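Welcome, and thanks for opening your viewer. Could you walk me through this structure, one selection at a time?

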Amino acid sequence: MSRVRGFALALGSVGLVSAAQLGMRWSMTRLPLPNAWLSAFNNGGIDPGALGVVLLAIFAYALSMLCWLGALKHLPLGRAYSLLSVSYALVYLLAASLPVFNEEFSVSKTLGVALVIFGVLVINSRRASATSPRNAP
């Protein structure tokens with residue numbers, strides 16, 4: 001059960017960090033650069049919805065870190081860390097698929113994402129030895 005919990009927490013971290021990245025991307029296309037926020041706020045040039053998404057994204061990053069810490073308790077570091085790279089693939093696929101991000105698919109990026117996913121599958125295809133001293137708490 002501990003291994004399943006570790007994978008669930010790692011994937012929860014991936015989902016949260018991916019949502020945070022996409023939220024930040026969406027928001028920052030609607031907001032001025034952070035060094036101009038104060039003057040834009042005083043002039044009414046800040047989109048409150050975009051600023052709210054920034055705050056939600058920061059919260060998602062924090063929750064992601066909590067999930068990541070839980071995953072490290074239940075999984076060997078090599079396996080857990082490889083799962084983080086799934087977020088790169090997820091962000092690319094969602095950003096290129098959803099018209100709101102105005103990103104495009106490319107052969108090179110898609111091939112790179114496929115290689116990342118293949119690497120994660122290879123790393124996580126074998127069960128970790130329960131007797132290995134590295135896997136002991």
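What percentage of the 137 residues in the protein do buried residues make up? Colour the chain by accessibility to look for them: buried residues account for 28% of the 137. Keep in mind as you go that this is a predicted model.

Next, switch to a cartoon view. Following the chain along its sequence, the pattern reads α-α-α-α-α-α.

Now zoom out to take in the overall form. Along the principal axes, the C-alpha atoms fill a box of roughly 65 × 35 × 20 Å. The radius of gyration is 18 Å, while a compact globule of 137 residues would have one near 14 Å.

For the last stop, select R25 and E103 and show their side chains. These two form a salt bridge, with their closest N and O atoms 3.0 Å apart. Why is this pair worth a look along the chain? R25 sits in helix α1 (residues 2-28) and E103 in the loop between α5 (86-97) and α6 (107-125), so the bridge ties together parts 78 residues apart in sequence. A search of the whole structure finds 1 salt bridge. Both ends are partly exposed: R25 has a relative accessible area of 36%, and E103 has 31%.

Note on methods: Residues are numbered from 1 along each chain as its sequence is written. This is a predicted model: local features need pLDDT of at least 70, side-chain atom pairs count only at pLDDT 80 or more; totals for chains, interfaces and linings use all residues. Side-chain values use heavy atoms; hydrogens and water are left out. A salt bridge is a side-chain nitrogen of Lys or Arg within 4 Å of a carboxyl oxygen of Asp or Glu. Helices (H or I, at least four residues) and strands (E, at least two) are DSSP runs, numbered from the N terminus. Buried means under 20% relative accessible area, exposed over 50%, partly exposed in between (1.4 Å probe, protein chains only). The radius of gyration is taken over C-alpha atoms; the globule rule is 2.2 Å times the number of residues to the power 0.38.
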